[in-house]
Amino acid sequence: LVLNDFCPLHPVIDLHPALPHLRKLKRLDISRVPSITDDTLHLLSSFVGKRLEVLYMKGLRHVTNEGIVRLVKSCSNLRVLDVSQVNQLDDTAGGAGGVDFY
């Protein structure tokens, strides 16, 4: 499912109501969607965490280390996590997945 750069069309995208219906989701691109927060990541990990394999989150402004750590710990099949241009993250978030952010 690709929602990236969708923000110019709709300033507020609320993914929360859709997540319970996306339980088979394996790949998601939510890059640069301004309404994505740690709450979204928590719901994402709750509903699709066991199946999610690829997640692109480039340029998200409202996620924190705490949200990333929770997501990585809940998504055991996650193989690709792109958090490039998420400038507020540090190695605390990367440590949860055994990687360092540079």
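## A tour from loop to loop

Select Q85, which sits in the loop between β3 and α3 (91-96). This is a predicted model. Phi of Q85 is near 65°, a positive value in a residue that is not glycine. Most residues other than glycine have a negative phi. Now show the surface at this spot. Q85 counts as exposed because its relative accessibility is 54%.

**Zoom out to the whole chain**

Colour by secondary structure. There are three helices and three strands. Read from the N terminus, the order of elements is β-α-β-α-β-α. The chain has 102 residues, and buried residues make up 38% of them. The accessible surface comes to about 6,000 Å². Carbon and sulfur atoms account for 52% of that surface.

**Another positive phi**

Go to R32, in the loop between β1 and α1. R32 is not a glycine, yet its phi is positive, at about 60°. Is its side of the story on the surface or inside? R32 is partly exposed, with a relative accessible area of 31%.

**The positive patch**

Select K24, K26, R27 and R51 together. On the surface, these residues gather in a patch of positive charge. R27 belongs to strand β1, which covers residues 27-29. At 48% relative accessibility, R27 is partly exposed.

**Salt bridges**

How many salt bridges does the structure hold? The structure holds three. Side chains of opposite charge can pair when their charged atoms come close. Take the pairs one by one.

*E53 and R79.* Select both and show side chains. Their closest N and O atoms are 3.4 Å apart in this salt bridge. The pair links distant parts of the chain, 26 residues apart. E53 is in the loop between α1 (38-48) and β2 (54-56). R79 is in the loop between α2 (65-74) and β3 (80-82). R79 is exposed, with a relative accessible area of 61%.

*K58 and D82.* Move on to this salt bridge, where the closest N and O atoms are 3.8 Å apart. K58 lies in the loop between β2 and α2 and D82 in strand β3, so the bridge ties together parts 24 residues apart in sequence. K58 is partly exposed at 28% relative accessibility. D82 counts as buried, at 19%.

R70 forms a salt bridge with E66, and here the closest N and O atoms are 4.0 Å apart. Where do the two residues lie? Both are in helix α2, four residues apart, about one turn of the helix. R70 is partly exposed, with a relative accessible area of 38%. E66 is exposed, at 56%.

**Last view**

The bridge of E53 and R79 runs from loop to loop. The bridge of K58 and D82 joins a loop to strand β3.

Technical notes
Residues are numbered from 1 along each chain as its sequence is written. This is a predicted model: local features need pLDDT of at least 70, side-chain atom pairs count only at pLDDT 80 or more; totals for chains, interfaces and linings use all residues. Side-chain values use heavy atoms; hydrogens and water are left out. Patches are made of residues with over 30% relative accessible area and no salt bridge: like charges are joined within 9 Å, nonpolar side chains (Val, Leu, Ile, Met, Phe, Trp, Tyr) within 5 Å. Accessible areas come from the Shrake-Rupley method with a 1.4 Å probe; for residues, only the protein chains shown count as cover. Lys and Arg count as positive and Asp and Glu as negative; His and the chain ends are not counted. The place of a charge is taken as NZ of Lys, CZ of Arg, CG of Asp or CD of Glu. Buried means under 20% relative accessible area, exposed over 50%, partly exposed in between (1.4 Å probe, protein chains only).
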